[in-house]
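Hi,

Here is the structure I promised to pass on. My notes on it follow below; have a look at the model first and then read on.

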Amino acid sequence: MTTNNTDLTMAEDPDPFLTAQSTRVQEGEFVLLVFADNRHAFAQALKHQRGKSPSVKINKRSYSTSILVGLPYGTVLELNKQSGLVPLEEGEDVLPDFDELMQDDSDNDNFDKVHNEEKDNRHLVDDNTSQAITAKEVHKMKDDPSLCGSKIVKTIVKNSASFNTKTSFSKAKYIKKKQMKYQPRCRLVRCTSSSICQALYLKDPRKIMNLREDALAQILSYSNVSAGSKVLCFETTMGIVTGACAQRMGGYGIIHSIFTGHAPSFIDMIARFNLSFVEHSSIQWVHAGYLFHDKDHPKEELKGEDLDLAERNKLVWPCPLQRHTEDYLLSIESEKKQREFLQRRCGRFARKLTRPTPDENVMSVMDSGKKCDSLIIASSYDPISTLFALLPYLETSCPFVIFFEYMEPLFECFQKLQDEKLAINLRLSDTWMREYQILPNRTHPNMNMSQNGGFILTGVKLCPVHGKNELDDDLMKEIRLRIGGRRGKKRKQEGVTTESSSKKQSK
């Protein structure tokens with residue numbers, strides 16, 4: 001009997017560290033809708049919210065997201081005016097297959113091959129006279145809910161007088177353009193650090209300091225962020241770096257994220273990472289006033305009693321119900337709603353008991369026995385002053401990474417670290433990425449590309465006491481002369497001496 005009970009409790013309450021990610025969209029999760037024209041739209045999959053179904057706005061029209069719950073990731077959906085987002089069968093692509101439209105003029109293609117005449121677009125004139133359908137008729141077709149997008153595209157292609165005179169490549173390009181406009185489709189993509197960074201970069205790169213997904217991957221790699229690490233992070237990239245660290249560590253370790261202002265400004269963006277409870281609890285917020293100070297802005301100190309800690313110590317688990325809570329619980333008629341209310345209450349009190357106070361977060365950075373294992377700076381503030389203020393909280397022989405939009409401030413920081421001999425393995429680099437179009441007989445790089453994805457300065461901190469080189473320059477020169485300097489120098493000198501001695505003997 002005891003084994004059965006333990007099995008039941010383990011099945012009901014699984015280990016949050018060992019739960020695998022679901023391949024289907026769960027209720028409450030954020031997802032990305034990726035369109036064929038590389039547009040990205042965030043949507044939250046909820047069946048009901050305050051009595052109304054939540055919606056996502058696409059092309060100035062709202063669509064319900066209740067259909068997304070339970071769909072597998074990678075599903076292609078088509079936008080329909082009557083039924084909203086319609087999931088398509090497996091194997092469908094974001095761009096519909098247009099082989100039927102291309103097969104209508106197969107005889108004309110054979111005729112050109114017989115007469116050895118190659119088609120080109122030299123006689124095409126863009127004067128809006130080749131289309132027999134007027135703009136008003138197209139608007140009527142769009143407003144008609146009975147007509148789907150594929151019928152509109154077929155009608156437009158059939159009424160185009162210049163369609164058969166185009167090359168096969170030009171036809172495919174024309175059909176693709178009309179399909180994206182009148183038959184929009186999107187793919188259901190999981191919200192990860194890479195997909196979120198790409199979506200925000202395409203929308204407005206200035207808000208995230210031109211941080212591309214390849215630069216984000218290098219930041220996580222160079223900083224050695226892994227399970228069990230203690231990371232100190234200061235960023236102004238809308239929470240992308242903090243969320244990526246939490247998702248990479250999987251709840252094992254601590255992330256001290258520094259924020260300015262009264263409260264962190266990117267809590268909403270962290271929610272889009274769909275972090276689990278243990279992953280979200282690994283993020284500890286630290287105010288910048290406790291770590292940055294100068295003559296004009298003195299250092300803030302912890303004064304008085306920690307009120308949050310005193311309130312947490314008063315809580316007892318399991319928390320007893322108060323009188324007004326009992327009356328409200330008895331007034332609920334449905335047993336299912338009573339259970340949901342108690343689950344929400346238990347979750348709220350569990351978060352209060354497990355969440356560290358702001359004073360405890362500051363003490364874990366400043367006065368704890370263990371310093372941070374890695375330091376990540378991706379902020380719009382001065383890199384030199386920011387690094388030298390946070391470098392004392394980094395353990396020796398541990399890496400640090402600084403990301404900035406421009407190279408000049410990082411170059412000054414590189415020189416200062418080198419002059420004061422505070423770090424080794426310094427490297428200043430930038431990333432260059434270009435997308436390619438992969439299609440039959442027309443594979444080439446895209447004409448438009450991002451020029452710059454920021455610059456990255458990496459290094460390893462030296463010990464301020466034992467990390468200095470005790471040998472001065474004069475002593476190093478003497479040692480080099482004894483050893484023979486660089487590789488091959490000694491051998492050359494030996495070769496010269498043997499040749500001179502053989503000449504003397506011959507004489």
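S379 counts as buried, because its relative accessibility is 2% (buried means under 20% relative accessible area, exposed over 50%, partly exposed in between, with a 1.4 Å probe and protein chains only). Its place is in the loop between β11 (374-378) and α16 (383-390); helices (H or I, at least four residues) and strands (E, at least two) are DSSP runs, numbered from the N terminus. Leaving aside neighbours within four places in sequence, S379 is in contact with M209, F234, E235, T236, F403 and F404, where contact means heavy atoms within 4.5 Å.

Before you go further: this is a predicted model, in which local features need pLDDT of at least 70 and side-chain atom pairs count only at pLDDT 80 or more, while totals for chains, interfaces and linings use all residues. Residues are numbered from 1 along each chain as its sequence is written, and side-chain values use heavy atoms, with hydrogens and water left out.

Now N452, which sits in the loop between β15 (444-445) and β16 (455-461). N452 has 25% relative accessibility, so it counts as partly exposed. The C-alpha atoms of N452 and W432 are separated by 6.7 Å, with the two residues 20 apart along the chain.

On the whole chain: the protein chain has 19 helices and 16 strands. Of its 507 residues, 34% are buried. Among contacts with a separation of 6 or more, 69% are between residues 24 or more positions apart.

Next, the cores. A nonpolar core here is a set of buried Ala, Val, Leu, Ile, Met, Phe, Trp, Tyr and Cys residues joined through side-chain atoms within 4.5 Å. The largest one has 68 residues, and L211, L375, L387, L390 and F400 have the most contacts inside it. Helix α9 (residues 240-249) gives the largest share of this core, six residues. Not counting residues up to four places away in sequence, L375 touches L232, L387, L390, L391, L394, P399, F400 and V401. There is also a second, separate core of 18 residues, which includes A41, V56, C186 and L188.

In α5 (residues 149-158), the residues G149, I152, V153, I156 and V157 are buried. They line one face of the helix, because they fall within an arc of 130 degrees seen down the axis of α5 (the arc is that of the directions from the helix axis to the C-beta atoms). An α-helix has 3.6 residues a turn, so residues three or four places apart point the same way. Those α5 residues, G149, I152, V153, I156 and V157, meet Y174, I175, K178, Q179 and Y182 in α6. The axes of α5 and α6 (residues 168-182) come within 9 Å and cross at roughly 140 degrees; axes are lines fitted to C-alpha atoms, for helices over the stretch in contact, and angles run from 0 to 180 degrees between N-to-C directions. The two are therefore oblique to each other (under 35 degrees is roughly parallel, over 145 roughly antiparallel, 65 to 115 roughly perpendicular and the rest oblique).

The other pair is α13 (residues 323-331) and α14 (residues 335-354), which pack at about 150 degrees with their axes 9 Å apart. That makes α13 roughly antiparallel to α14. Here T325, Y328 and L329 in α13 meet Q338, F341, L342 and R345 in α14.

Cheers
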